[in-house]
Number of protein chains: 2
Amino acid sequence: MEAHAPYRYEQLADLIIGMIDKGALSPGMRVPSVRAVSEQHQLSIATALQAYRMLEDRGVLVSRPQSGFYVSNARHGTFALPSTSRPRTKASTVSISGAVAALLEHASNMSLVPLGCAVPDVGLLQSKRLDLMLARVARQHGARHNVYSPPRGEAALRREIARRSIRTGHALSPDDILITSGCTEALTLALGAVARPGDTIAVESPTYFGLLHTLEVLGLKALELATDLVRGVDVAALARLLDKEPIAACVLSSGFSNPLGYVMTESDKRSLLALLSKHAIPLIEDDVYGDIHFGRERPKPFIALDRGENKIIYCSSFSKSLAPGYRIGWIAPGAYAQRVMERKLAFSLSSPVLPQLAIAEFLEGNAYEVHLRRIRRVLEENLTRMVRAIEASFPAETKVSRPAGGFMLWLELPKHFDSRALFDEALEHGICFAPGNVFSASRRYGNCLRLSAGHTWDDHIEAGVRRLGRLACAQLNR
Amino acid sequence: MEAHAPYRYEQLADLIIGMIDKGALSPGMRVPSVRAVSEQHQLSIATALQAYRMLEDRGVLVSRPQSGFYVSNARHGTFALPSTSRPRTKASTVSISGAVAALLEHASNMSLVPLGCAVPDVGLLQSKRLDLMLARVARQHGARHNVYSPPRGEAALRREIARRSIRTGHALSPDDILITSGCTEALTLALGAVARPGDTIAVESPTYFGLLHTLEVLGLKALELATDLVRGVDVAALARLLDKEPIAACVLSSGFSNPLGYVMTESDKRSLLALLSKHAIPLIEDDVYGDIHFGRERPKPFIALDRGENKIIYCSSFSKSLAPGYRIGWIAPGAYAQRVMERKLAFSLSSPVLPQLAIAEFLEGNAYEVHLRRIRRVLEENLTRMVRAIEASFPAETKVSRPAGGFMLWLELPKHFDSRALFDEALEHGICFAPGNVFSASRRYGNCLRLSAGHTWDDHIEAGVRRLGRLACAQLNR
């Protein structure tokens, strides 16, 4: 099956985004009614509504009951979206570890304005309730549980994760799941199960630098895929690549990718699955940001759209939404269950028992849902404020992403901009962020940067973003 | 430097062990005085005393104040020591994962008599105090610590481990240490740092099956070294091998190796270090059993005997002596610090925060020392009882190890004995143990087995060992 041409609702959605980008529709403005737009473009009402709903889920539009759809004035104002990436079409050996280690060190430096680290801060997570559960299981059941956890993980936690998996649209059984040390171990186990040193792995471009670091350590090459801020991975471009390059596996975000924040449409995801199935290429998907959606619906991961034709390894964790300090993630390895289990035994044997039991207990009731509703609202608000601060201070040519979930912003400045120089300068001013070139194996995106809006918004953060904007202006004016 | 000939005190010690083995000296019997033996063998008093002290540390002799040295009647009676291993002198590809996974599954089956699993049971560890500390840090400081731990690990824990390292004879600084997910992750990080797929790693034979499993997953070959129950790795044999085989690294136990339980003498360790230094081969040492010594002195690890000429990676954990459920180990990677850190970032990013802080607090006071004194006594007593039960029920030809630390026994039966068949039969009788051939990459030791004495001794365990002995007798008589 070929990668499909855009559906009509997607064409309509693109048109509306284009109008917003060009200023023909501005924030707060009412967009044409569903009926009007369906007549104008000779679409069915259902198709037009599908386009509007999708834009609503992405945070581009907001609907007001009895009134219609409006351009969201929340997250985006005057700045355009960054352009679709055009990485080289050859696999690259990865050599990024030094940069990653240095970045992580700065990102954990509490004295800097924290725009670098991709975890919500402790004030925002408010994990008190979870910690009390840990205290209780330790006090009451600690002695009984001072044993190696089964390598697969505690049954109680696997049950709760399985129970929640229904919300993602793909019901897992507890036995499908293996508990890991965060999503990091999940991805490393997955890559080790599907690839051997020297193999090539296709990844989004730009992509999470931790993934590139892991590829480097495992001796794998990265093939960077052209990726659009709205539609995600360019399926047609991937189809052309697969005819030329042997690829051992593809690693993609299930939604709200880090750093771009896009969500692929379900139809694009299906096209991509069909393409991978045709070439018999396994897909590793990373769903760590899926629970932080601002729209009504959680994006469906690839695994929920698979018709049994793909080999998919699903990876996720609680690090972005609940408990980075607990280091609890999981993997549903599907056809690779045995190889993943063998690697888990060799890498860490099993995960600590009590943190698993505490999270299982936390998930049992409604606490995680309540928690998610709160942090989604706060993180969306944080992004809005950060975009405003960016628009008020960064150069007018700056382009900025408009994620409908997660808490990262991707900024693109003019081609000759040097975000590494900005990084060094920002550190001197006590500000940390992630420079663009750590998100690419071929060290592209030197004119881009990622800002994290995971910290409780305050004057300190606001002032940091604005100062960063002024530093960027100063560099451009030099 | 060549592997040295045995020192005179070692010759004397071997002579006394031989006399005990042959029954010339029996349990409870007073051995000739230091003065008498020094005159008889024309040795200095100091040399004779050194031999006696070494035998005391190994649990062969006991000293009684004002009275002299006696043959210990604790752990060994009538059965001889298993013979020195004579593995093949070629590297083997490892293919053991299936067997290991199956064994681990049985070993965690609570309904079986637990002679299979190499961790002390929860009743013996009595980790209540540690769990209360975990509860307290979770309650009081949980929210503040819901962040990624530094990849190196919590400073408080690294400080405590460094402080305790003085007892091993080699003072580490907190910055020398990286916290891992048990010793398993430490060994995996170490192997990844020194070797590439296809390389050969020299290991004791028999050795811990988990290590063999890790070699397999990392695509490394195993070269098994001849190993003696008393003296450990045969340094002269290793010297001959190194002239023929290229070896990427050597992995050895610091003391009370699993499964044999031997401790190499300091002079043998020094010879081995000199040999590895001459060939520029890094040493990875595993010291997880070192704290469980029955003699007065903790055996010095290799790293404490190095004169700065060797590249040594030191690995240990709290899994055997305090908290298997917490999954906290550590690695002192020395010259490989950067490569180990890079791999830690890729494999698990960092370890959970709160379990680290709880163990740090536990180590701060005297609690760990008090705890160790208690479990050393209990585990020594367990071994004594287990040896008695073996001698009362196993075939008379059975040979059994006499470890002076740890809690494992290694049994050797006549050549044609099939411990895998015994394993299957024992499972039907509700008894689990570890069959010998999982301790060898070339699947030797089919006539051997390992029994763990880590569980609180009771009639159930006693009856299990005796039934196992009767099953072994029945097999030999068939």
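Start with the buried side of helix α17(B). Its buried residues are B:I461, B:G464, B:V465, B:L468 and B:A472. A residue is buried if 20 or more other C-beta atoms lie within 10 Å of its own, exposed if 12 or fewer, and partly exposed in between, with C-beta atoms placed from the backbone. Seen down the axis of α17(B), these buried residues fall within an arc of 95 degrees, so they line one face of the helix. The arc is that of the directions from the helix axis to the C-beta atoms. An α-helix has 3.6 residues a turn, so residues three or four places apart point the same way. On the other side of α17(B), B:D459, B:H460, B:A474 and B:N477 are exposed.

This is a predicted model: local features need pLDDT of at least 70, side-chain atom pairs count only at pLDDT 80 or more, and totals for chains, interfaces and linings use all residues. Residues are numbered from 1 along each chain as its sequence is written, while chains are lettered from A and ligands numbered from 1 in the order in which they are written.

How far apart are the end C-alpha atoms of α17 of chain B? They are 27 Å apart, which agrees with the 27 Å that its 19 residues (459–477) should span at 1.5 Å a residue. The expected span is 1.5 Å times one less than the number of residues. Helices (H or I, at least four residues) and strands (E, at least two) are DSSP runs, numbered from the N terminus. What covers the buried residues of α17(B) includes β4 (113–114), α15 (367–393), α16 (419–428) and β15 (431–432) of chain B.

Now take a strand. In β14 (residues 408–412) of chain B, 5 of the 5 residues are buried, so the strand is largely enclosed by the rest of the structure. B:M408, B:W410 and B:E412 point one way from β14(B), and B:L409 and B:L411 the other way. In a regular strand the side chains alternate between the two faces of the sheet. Strand β13 (residues 399–400) of chain B runs antiparallel to β14(B), joined by 2 bridges. Two strands pair if DSSP finds at least two bridges between them. B:V400 has B:L411 as its bridge partner in β14(B). Strand β17 (residues 448–452) of chain B is also antiparallel to β14(B), with 5 bridges. There, B:L409 has B:L451 as its bridge partner.

Next, the loop residue B:S127. It is found between α5 (122–125) and α6 (128–141) of chain B. Is B:S127 buried or exposed? It counts as buried, because it has 26 C-beta neighbours inside 10 Å. B:S127 and B:A323 are 196 residues apart in sequence, yet 7.1 Å apart in space, C-alpha to C-alpha. Leaving aside neighbours within four places in sequence, B:S127 is in contact with A:G142, A:A143, A:N146, B:L322 and B:A323. Two residues are in contact if their C-beta atoms, placed from the backbone, lie within 7 Å.

That brings in the two chains together. A rotation of 180 degrees, with 0.0 Å of shift along its axis, superposes chain B on chain A (RMSD 0.1 Å). That is the relation of a two-fold axis. The same surface serves both copies: 98% of the contact residues of chain B recur in chain A. Copies are superposed by least squares on the C-alpha atoms of residues with pLDDT of at least 70 in both. Of the residues of chain B, B:A135 comes closest to the rotation axis, at 1.9 Å (C-alpha).
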